[in-house]
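Here is a short report on how two protein chains meet. Look at the structure first, then read on.

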Amino acid sequence: MRDDYTSELGHGLKWAYLLGIVGALLAPVFYVIYISFNEFGFGARIYVFTVDWYRVVLGDKMLVASLEWTIYLALAAVATAVPMGLLSAKLYKKTRYKVAIVTLMLAPLFVPADIMASSLLVFFRHLNGIFELIGEALGWAWLTHWFELGFFTALVGQILYTLPYAFVVILITMSRYHPQQTEAARSCGATAWQAFWHVEFPQIRAGVFSACAFVVILSFNEATRTALLKGGFDTFSNVLVSQMLNVGMSEESYAMAGIMSIGAMTVIGSILIYTLVRSERLEREARAKAEPVMST
Amino acid sequence: MSEDIATTVLQSAGGGRDVPASPSPWRRWLGENGLQKWAFYVPVIFLVLFFVLPMATTVVWSVFERTQFWMEPGFTFFAYENFFTSARAENYVYSMIHSAWAVVISFALGFPIAVFVRRRVPRAAQHRVILLFILPFMISELVRVFAMRPILGRYGVLNSLFMDIGLIDEPITAILFSPLGVVIGDVVSFLPFMVFAGFLAMEAVQPYVFEVCDDLGARTLRTFRDIIVPLAAPGIFAGGIFIFVNGLGVALVPIILGGPGAVNAGLIVNQAIVALDFPLAMAISTIMIATLVALLYIGHRLFDLTKILEPIN
């Protein structure tokens, strides 16, 4: 019988292939980061290390303002999408209509950004018109401008984009939780909230925090939906897209791409390392518990 | 069954606790059978309001009449006629072909990784290996696609490397700003998703299946073609659909890597919006959504896509 265990070379080659694909996906990003630290930018024969392009980006008031908007939007997305992901994961666990819920929750993943954004754009404009008509007819001025393009509409676009990811991450963590523990807590007199907060949440906390990190990164990276729905402000990725298309690939663009990549890699890298260290520790503890006690 | 017993036991164990006095209406309204119960439906309501409704009404807006800057109620198929009788329909078909290529390449590159991890990596370490693909997936698609320009360009890394080793004399110009560039961009953007979907799909292939194949002397290719692929088909199909639809609809890739001839549905929608032709944009969105629904329906009939959910359940 021929398999990887009898062929070390075959096994090694498969590992090399796997790591090669990860490397191939990451190499262009590292190359962009590498160029972003070159004083002479892309295509220069000499390489002089500098952080000046980053200083230029962070010294540009317009770019800093766009960065601020991006952060506000990311925080708002976390504050809304993660609780919604948690609620929908809990609903999924207790409902009989699992297929319907999961289909609805994951459906936005399968609609491309441009299609969803254009549909939302037209929907919001119509909704705004309808609300204005009602407001005028009833003399309620507060009804107007609810759905004018701006922070709220951009946030809706971002929630639609990030919610499926938050849902999946939390649901996977929840699959390891035994609902009997909640029942036991309730039987001991805890309210639903107490049972959730003191019994369930500590066990799914890692998933909820991972979902927060994912939503921040996804929100930070999102460009298409925000571009069509944001109204009068700019986000960091929107400025990058417009620079790339209008100015071309300047040294500043490389530095901006560098900021986005380094930020994402730091956050995700930290989560991965934390996850690996934690699971190693838990496994060690489990092994220690499982070891037979030797009589002396 | 055992859960039911546990529930009964636990409920009876709590039978001795004090019965609270009748709660105030305010507490009842906020309580478990009031607001708390309905809070779980907030995401569903949100998605119905801001996802299902806009997608459904896209069909309605597509038959509205175009005005100078907006549209007005009416019933006309002009936008569809405009789409099908222009080069847009041809571009749409071409972008479907390019997306199909991206699916095939992603499958060829990504699915064997999922099989390898499930088959050869110890179970405890499998998720950690798959986590490696999270990193490229979480870096902005914009940056990853943008990063392909200095790699694939006329004076890019690839051409320089080929020229340095004497493989070519002149830089290859057909890679960037061409449909090939778009296919490469789609693969780079969405390949991790094929690995994730494949990994999930391989949950359906039990380890003993491989042992049986080995014992019967089946060759690797035959095991892959006749056993693994049919069993993992729902997950493969879901991953394929995700790549296909996004390849068809994400305008960013052809904008950055495609030339004048590389257009996809997302880009056509963008162009229609810029030209303030909203009914046309909505008509193309409708066609795109119809394509997606048709593919999902076919996939469900062929492979029963609910099987993908089994690992989560």
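Helices (H or I, at least four residues) are DSSP runs, numbered from the N terminus.

This is a predicted model: local features need pLDDT of at least 70, side-chain atom pairs count only at pLDDT 80 or more, and totals for chains, interfaces and linings use all residues. Residues are numbered from 1 along each chain as its sequence is written, while chains are lettered from A and ligands numbered from 1 in the order in which they are written.

Which residues make the contact between these helices? The table names them. Two residues are in contact if their C-beta atoms, placed from the backbone, lie within 7 Å.

| Helix 5 of chain A | A:Ile115, A:Ser118, A:Ser119, A:Val122 |
| Helix 17 of chain B | B:Phe278, B:Ala281, B:Met282, B:Ser285, B:Met288 |

By class, this contact has 6 nonpolar, 3 polar and no charged residues. Ala, Val, Leu, Ile, Met, Phe, Trp, Tyr, Cys and Pro count as nonpolar, Asp, Glu, Lys and Arg as charged, and the others, Gly among them, as polar.

Now the whole interface. In total, 79 residues of chain B are in contact with 72 residues of chain A. Helix 4 of chain B (residues 42-62) gives the largest share of chain B's side, 12 residues. That side divides into 57 nonpolar, 13 polar and 9 charged residues.

One residue of chain A shows contacts to both chains. A:Val29 sits in helix 1 of chain A (residues 8-36). Not counting residues up to four places away in sequence, A:Val29 touches A:Ser261, B:Ile139, B:Val143, B:Arg144 and B:Ala147. A:Val29 and A:Ser261 are 232 residues apart along the chain, yet their C-alpha atoms are separated by 7.2 Å.

Chain B averages a pLDDT (confidence in each residue, from 0 to 100) of 87. In chain B, helix 4 has the highest confidence, at 96, and helix 1 (residues 2-13) the lowest, at a mean of 46.

Terms used. Helix = DSSP H or I, 4+ residues; strand = E, 2+ residues; numbered from the N terminus. pLDDT = per-residue confidence, 0-100.
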